[in-house]
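Here is a short briefing on one protein model. Keep the structure open while you read, and find each element as it comes up.

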Amino acid sequence: MSFTVKQLSPAGASEVTGLDVRNGIGDEDMSRLRDVFRQSPILCLRDQHLSPTQQANFSRQWGPLEKQGKSDYCHPDDADILILSNERRADGSQVGIVDAGDFWHSDSSHMEEPCQMTMLLAVKNPEKGGDTHFINMYQAYEAMPEALKARIVGRSAVHHSSKTLNPRVTISAERANATEYYKSSEKMKKPVVQPMVRTHPATGRQSLYVSPRFTIGIDGMDDAEAQPLLDEVFRHMFSSQAWRYTHKWKDGDLVFWDNACLNHMAGGGYEYPDTRRMHRTTIAGGKAFYESKPAKT
Ligand code: OGA
Ligand code: MN
């Protein structure tokens, strides 16, 4: 037992100390850490000052990495790392993505095969703000009134990444040409349907699988009925602090989370020249599914 696990929140966050992942970790630690991650889908490894390649290699121990789409913001030393940052170069250009995660979402639920987990390394935190908020969607679903569960279980929702198709979000003024970008992606990207209640492939537990950021409708239901139903589901999701956790970052925190059973959001609240810089990897997942009888774990 080489590392120690301490609960940070009953909403599924834990801190791991005593692990040095710079050169990867052994099979035994990895298998124990996987078990911990099933119980606690938000893990924070403290004091990990990793190079981009060290982070990419450790990420790969969890599964194949996704290819980064936004090549302008990949790390020059290792293209598997995406930079999230509000830093600017002397010519005014952005070093990384400035508005990543500004509304509640589960990463890449607008893709046919959403990513399994996301790993962020806090390279530099701002003086104030920059927290990341999480909602445990297992717990939100378990606490949902049975009548509301019955209206969504077995149904699919429509997900899309274009902000211009979604009345629940707004476009950040910090990102140049964002409206044009989202307008053109309305047609270029096709909507994807996802089960509204999802069975976790590893734990067999059911969780709510919608988000204000990417869910724009319900498959086979008119908006006149679908939008109020989505509003009701979101109201429930935000109705309690019991299944919420806010991560306050320290430099060197390596946090990873399970996108199958969480929503998350960047809290913002900092302004250039107070800079925040995160290095991000995403581990590929499979198609989301719903099974009415959860698999035994
Ligand atoms: C992400 C994300 C939130 C943050 O990387 O997917 O949503 O606080 N990040 O940076
Ligand atoms: Mn995200």
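How many bridges join strand β2 to strand β3, and do the two run parallel or antiparallel? Strands β2 (residues 13-17) and β3 (residues 42-45) are joined by 4 bridges and run parallel. Keep in mind that this is a predicted model.

- Strands β2 and β3 belong to an open sheet of 8 strands, in the order β1-β2-β3-β14-β6-β16-β5-β4. Its pairing is mixed.
- The edges are β1 (4-9) and β4 (74-75). Each has a single partner strand, so one side of each has no neighbour in the sheet.
- Ser14 stands opposite Leu43 of β3.
- Helix α1 (residues 27-39) packs on this sheet and touches β1, β2, β3, β6 and β14 (254-258). The directions of α1 and β14 make an angle of about 60 degrees.
- Helix α2 (residues 52-60) also packs on the sheet. It touches β3, β4, β5, β6, β14 and β16 (277-283), and its direction makes about 105 degrees with that of β5.

**The sheet of 3 strands**

- A further open sheet has 3 strands in the order β13-β7-β15, and its pairing is antiparallel.
- Strands β13 and β15 are at the edges, each pairing on one side only.
- Direction ignored, neighbouring strands here are turned by 20 degrees against each other on average.
- Strands β7 and β15 pair over 5 bridges. Asn136 has Leu262 in β15 as its bridge partner.

**Helix α6**

- Helix α6 covers residues 223-237, which makes 15 residues. At 1.5 Å a residue it should span 21 Å; its end C-alpha atoms are 20 Å apart, so the two values agree.
- Its buried residues include Ala226, Leu229, Leu230 and Val233. Phe234 and Met237 are also among them.
- Why might residues three or four places apart in an α-helix point the same way? An α-helix has 3.6 residues a turn, so such residues point the same way.
- The buried residues of α6 pack against several elements, including β7 (132-136), α3 (137-142), α4 (146-152) and β15.

**The manganese site**

- Three protein donors hold positions 2.0 to 2.1 Å from the manganese ion (ligand 2): His105 (NE2), Asp107 (OD) and His264 (NE2).
- Along the chain, the donors follow the spacing H-x1-D-x156-H.
- Asp107 lies in the loop between β5 (78-85) and β6 (117-124), while His264 lies in β15 (residues 262-266). The pair therefore ties together parts that are 157 residues apart in sequence.
- Asp107 is buried, at 5% relative accessibility. His264 is buried too, with a relative accessible area of 5%.

**The cysteines**

- The disulfide count is 0.
- The closest cysteine sulfur to that of Cys44 is in Cys261, 17 Å away, so it is too far for a bond. Cys44 is buried, at 2% relative accessibility.
- Cys115 is in no disulfide either; its nearest cysteine sulfur, that of Cys261, is 12 Å away. Cys115 is buried at 2% relative accessibility.

**A loop residue: Phe238**

- Phe238 lies in the loop between α6 and β13 (244-247).
- Is Phe238 buried or partly exposed? It is partly exposed, with a relative accessible area of 31%.
- Leaving aside neighbours within four places in sequence, Phe238 is in contact with Trp104, Ile135, Pro212 and Arg244.
- Phe238 and Asn136 are 102 residues apart along the chain, and their C-alpha atoms are separated by 11 Å.

Definitions and conventions:
Residues are numbered from 1 along each chain as its sequence is written. Chains are lettered from A and ligands numbered from 1 in the order in which they are written. This is a predicted model: local features need pLDDT of at least 70, side-chain atom pairs count only at pLDDT 80 or more; totals for chains, interfaces and linings use all residues. Side-chain values use heavy atoms; hydrogens and water are left out. Donors are N, O and S atoms within 2.8 Å of the metal (3.2 Å for Na, K and Ca); water is not among the atoms, so sites may look incomplete. Buried means under 20% relative accessible area, exposed over 50%, partly exposed in between (1.4 Å probe, protein chains only). The expected span of a helix is 1.5 Å times one less than its number of residues. Contact means heavy atoms within 4.5 Å. A disulfide is a pair of cysteine sulfur atoms within 2.5 Å. Two strands pair if DSSP finds at least two bridges between them. Axes are lines fitted to C-alpha atoms, for helices over the stretch in contact, and angles run from 0 to 180 degrees between N-to-C directions.
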